[in-house]
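Subject: Structure handover

Hello,

Here is the structure I promised to pass on. Please open it alongside this message.

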Amino acid sequence: MTTQSKSRRNWRTAVAAVEFAVVLPPVVLLILGSLDVARVFAIQHTLQEASMNGCRIYTLGDMTQQQAIDAVDQSMAEKGLTGYTITFDPPLKSDIEDDLEPVTVAVQMPYDSFGLGLQSILGGSAITAQSILPADLLGAAMAAGTSGGP
């Protein structure tokens with residue numbers, strides 16, 4: 001009788017091991033996928049903040065495009081992110097002709113530069129954030145005109 005109960009215990013242990021082996025890979029993929037999705041959301045938020053910071057500076061008449069690039073670089077460096085590209089529309093600061101003209105700053109980062117291992121699924125794609133604000137050429141000119149004299 002003890003041999004029969006011992007063999008039953010061994011059989012149950014073997015079944016548990018097989019069940020564990022079957023369940024483990026999907027659970028690990030689910031956890032890794034969740035971490036990857038959370039990282040994508042965090043990076044999307046960082047890209048949005050960086051594009052907004054750059055756009056605020058780029059829209060001001062008395063600021064340069066390099067200052068906008070520096071603002072984006074600083075936002076991205078605070079989070080330790082590299083490998084992104086910045087796009088301005090209009091591409092040159094001198095191309096902004098009218099006050100309140102829409103100005104766009106986009107920051108794009110390829111998924112391959114930050115993914116946790118699911119690049120084969122999302123490889124080649126990128127995350128993009130863009131901000132659009134109206135140009136503030138008159139406000140900057142008025143501030144420069146009123147601050148210089150008594």
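Below are notes on one helix and on an aromatic pair.

Please keep in mind that this is a predicted model.

Helix H2 first. H2 covers residues 65-78. With 14 residues at 1.5 Å a residue, H2 should span 20 Å, and its end C-alpha atoms are 20 Å apart, so the two agree.

H2 has a buried side. Ala 68, Ala 71, Val 72, Ser 75 and Met 76 are buried. These residues lie on the same side of H2, because they cover an arc of only 130° around the axis. An α-helix has 3.6 residues a turn, so residues three or four places apart point the same way. The other side of H2 holds Gln 74, Ala 77 and Glu 78, which are exposed. Just after H2 comes Gly 80, with a positive phi of about 75°.

Now the rings. The structure holds one aromatic pair. Its members are Tyr 58 and Phe 88, with ring centres 4.5 Å apart.

The charged end of Lys 93 sits over the ring of Tyr 58, 5.1 Å from the ring centre.

Best wishes

How values were computed: Residues numbered from 1 in each chain as written. Predicted model: local features only at pLDDT ≥ 70, side-chain atom pairs only at ≥ 80, totals over all residues. Heavy atoms only, no water. Helix = DSSP H or I, 4+ residues; strand = E, 2+ residues; numbered from the N terminus. Expected span 1.5 Å × (residues − 1). Buried < 20%, exposed > 50% of the residue type's maximum accessible area, 1.4 Å probe, protein only. Arc of directions from axis to C-beta. Phe/Tyr/Trp six-rings, centres within 6.5 Å; stacked < 30°, edge-to-face > 60°. Lys NZ or Arg CZ within 6 Å of the ring centre and 35° of its normal.
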